Amino acid sequence: MSDAIRTLTRREALKAGLAGGALAATGLLGGLASGTATAATAAGTQSDQTLLEDIADILLPTTATSPGAKAAGVGTMMARVLADCESPETQQRVAAGLRGLRETSRARGGDFASLPLAERERMIRDIDTLAQQEGDIHWFNSVRMLAVNAYFTSEVGLTQAMRYVPVPGRYDGCVPLEPGQPAWA
């Protein structure tokens, strides 16, 4: 029995811990890589991400005081949140809606991004009107929510579109806004 009980040296414990950690890290990184591939597949293609960003840029355009959604690079975030956080039903609704938007764009003369700005704005306004009538079941409501959330959680949205103080010093729960003043981040 005395042979069965053996003291473990610190060096042996560290070797065992490092070897186990390396195996766990390999499995974790492999899982992350496959998760990324799955997310990219679920969110659709790069063209879906680009189209989402183009839609967001119509909703949140560049103004004299702040960059727009495209400048903030919201397409990647929108696609990631859609793939990782939305239900499969929502993902399918959005994918079908994007396909429909592409078909409508082609019928009007080309890809969505190649259409004149006034035409793209008119298309989005028409879709938005229909989405407001149909409610939560319409794909565009999800895209609008994704665009707004991605923009206002981006660095550009927080620091340039909204008033931003990194360390305010104190909390003021109710601060009046002056006309034309952006909201506080």
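This is a predicted model: local features need pLDDT of at least 70, side-chain atom pairs count only at pLDDT 80 or more; totals for chains, interfaces and linings use all residues.
A residue counts as exposed when its relative accessible area is over 50% and as buried when that value is under 20%. C85 has a relative accessible area of 58%, so C85 is exposed. C174 falls on the exposed side as well, because its relative accessibility is 74%. A search for disulfides across the whole structure returns 0.

Once neighbours within four places in sequence are set aside, the contacts of I58 are F112, L117, R120, E121 and I124. Another residue to look for here is A118: 60 residues separate I58 from A118 in sequence, while their C-alpha atoms lie 10.0 Å apart in space.

The next stop is a pair of packed helices. Such a pair is described by the angle between the two axes and by the distance between them. For helix α5 (residues 88-107) and helix α7 (residues 139-152), the angle is about 100 degrees and the axes are 8 Å apart. Angles of 65 to 115 degrees count as roughly perpendicular, so α5 and α7 are roughly perpendicular to each other. On the α5 side, the meeting residues are T90, R93, V94, G97, L98 and L101, and their partners in α7 are W139, S142 and V143. By type, the residues of this contact comprise 5 nonpolar, 3 polar and 1 charged.

Notes: Residues are numbered from 1 along each chain as its sequence is written. Side-chain values use heavy atoms; hydrogens and water are left out. Contact means heavy atoms within 4.5 Å. A disulfide is a pair of cysteine sulfur atoms within 2.5 Å. Buried means under 20% relative accessible area, exposed over 50%, partly exposed in between (1.4 Å probe, protein chains only). Axes are lines fitted to C-alpha atoms, for helices over the stretch in contact, and angles run from 0 to 180 degrees between N-to-C directions. Helices (H or I, at least four residues) and strands (E, at least two) are DSSP runs, numbered from the N terminus. Angles under 35 degrees count as roughly parallel, over 145 as roughly antiparallel, 65 to 115 as roughly perpendicular and the rest as oblique. Ala, Val, Leu, Ile, Met, Phe, Trp, Tyr, Cys and Pro count as nonpolar, Asp, Glu, Lys and Arg as charged, and the others, Gly among them, as polar.
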